[in-house]
Amino acid sequence: MVATSIENKGKDAEVRDKQNQKGRGVPHFLPGIADPDQSRIISSSSPGNQVWQPGPRPPSTFLPTLDLIILHQQVELLGMILGTETSNKYEIKNSLGQRIYFAVEESICFNRTFCSTLRSCTLKITDNSGREVITVNRPLRCNSCWCPCYLQELEIQAPPGTTVAYVAQKWDPFQPKFTIQNANKEDILKIVGPCATCGCFGDVDFEVKTINEKLTVGKISKYWSGFVNNVFTNADNFGIHVPADLDVTVKAAMIGACFLFDFMFFEHSLAGL
């Protein structure tokens with residue numbers, strides 16, 4: 001009977017602890033950290049008054065589970081009709097074709113008209129609720145196999161305002177080569193493209209390799225979408241094939257690399273053949 005009494009008291013204590021925990025909220029979540037079960041975040045706008053509020057899942061809840069990321073550039077009818085260069089827009093989807101993010105280019109008309117594919121711009125990536133989760137900054141730089149300095153570079157911020165990675169072009173007279181760098185601009189991966197990026201009625205693959213180029217980690221593919229689409233529009237489709245457990249900052253950098261490759265190699269319609 002003594003053992004039964006102790007056991008009942010232990011159960012009563014557990015019930016009281018659970019009730020007290022519900023009354024206090026969820027202490028094991030920090031301000032600004034997502035609740036994976038309820039898809040909510042704790043607001044930390046006022047340090048002394050933290051409350052629950054509904055919100056979308058942060059990007060770190062999507063990217064770790066993906067081994068295929070698809071980028072689909074939207075066709076701009078105004079640009080097709082007038083023959084002018086408009087701001088690029090992309091849908092970012094998972095392997096099931098479900099949209100998880102949307103990217104919009106922010107640039108001025110002067111840069112798009114006179115700097116063309118070399119233009120400086122900012123691409124803002126938002127989730128389905130319209131909240132900005134990733135920012136990609138592209139400065140005005142050179143792009144020539146004859147110029148070994150001041151080559152292309154992207155800055156990746158996730159969340160916006162916090163730099164997590166860079167994509168930098170490396171000079172090579174024969175192949176497109178890039179490196180993915182961490183926030184301290186230390187090389188962590190290489191991207192090696194084919195000698196000819198025209199595609200010749202097929203996909204164009206950029207292989208993601210280790211620094212010594214002995215091991216292939218993944219690839220970025222520019223999908224050939226047909227003769228009519230590639231000649232009469234500049235809307236391109238890309239696929240990022242990576243291990244599902246690859247670091248989310250590297251995946252974000254590879255999304256930025258897709259934007260850069262689109263500007264450098266496939267922005268003009270005939271370049272995508």
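Visitor: In which helix do Phe261 and Phe265 both lie?
Guide: This is a predicted model, where local features need pLDDT of at least 70 and side-chain atom pairs count only at pLDDT 80 or more, while totals for chains, interfaces and linings use all residues. Residues are numbered from 1 along each chain as its sequence is written, and side-chain values use heavy atoms, with hydrogens and water left out. Helices (H or I, at least four residues) and strands (E, at least two) are DSSP runs numbered from the N terminus. Phe261 and Phe265 are 4 residues apart, about one turn of the helix, and the helix that holds both is α5.

Visitor: How is the aromatic pair of Phe261 and Phe265 classed: stacked, edge-to-face or tilted?
Guide: Rings of Phe, Tyr and Trp (its six-membered ring) pair if their centres lie within 6.5 Å; planes under 30 degrees apart count as stacked, over 60 as edge-to-face and the rest as tilted. For Phe261 and Phe265 the centres are 6.2 Å apart and the planes make 45°, and the pair is tilted.

Visitor: Are Phe261 and Phe265 buried or exposed?
Guide: Buried means under 20% relative accessible area, exposed over 50%, and partly exposed in between (1.4 Å probe, protein chains only). By that rule both Phe261 and Phe265 are buried.

Visitor: How many residues apart are Tyr90 and Phe259?
Guide: The ring centres of Tyr90 and Phe259 are 4.8 Å apart with the planes at 45°, so this pair is tilted. Tyr90 belongs to strand β5 (residues 89-93) and Phe259 to helix α5, and the pair links distant parts of the chain, 169 residues apart.

Visitor: What relative accessibility does Phe259 have?
Guide: Tyr90 counts as buried because its relative accessibility is 1%. Phe259 also counts as buried, and its value is 1%.

Visitor: Which residues make the nonpolar surface patch of about 370 Å²?
Guide: Phe110, in helix α3 (residues 109-115), counts as exposed because its relative accessibility is 52%. Patches are made of residues with over 30% relative accessible area and no salt bridge: like charges are joined within 9 Å, nonpolar side chains (Val, Leu, Ile, Met, Phe, Trp, Tyr) within 5 Å. The areas come from the Shrake-Rupley method with a 1.4 Å probe, and for residues only the protein chains shown count as cover. The patch is made by Phe110, Phe114 and Ile108.

Visitor: Which residues are linked with Glu213 in a network of salt bridges?
Guide: A salt bridge is a side-chain nitrogen of Lys or Arg within 4 Å of a carboxyl oxygen of Asp or Glu. Glu213 meets Lys177 at 3.7 Å, N to O, and Lys190 with closest N and O atoms 3.3 Å apart. The network links Glu213 with Lys177, Lys190 and Asp172.
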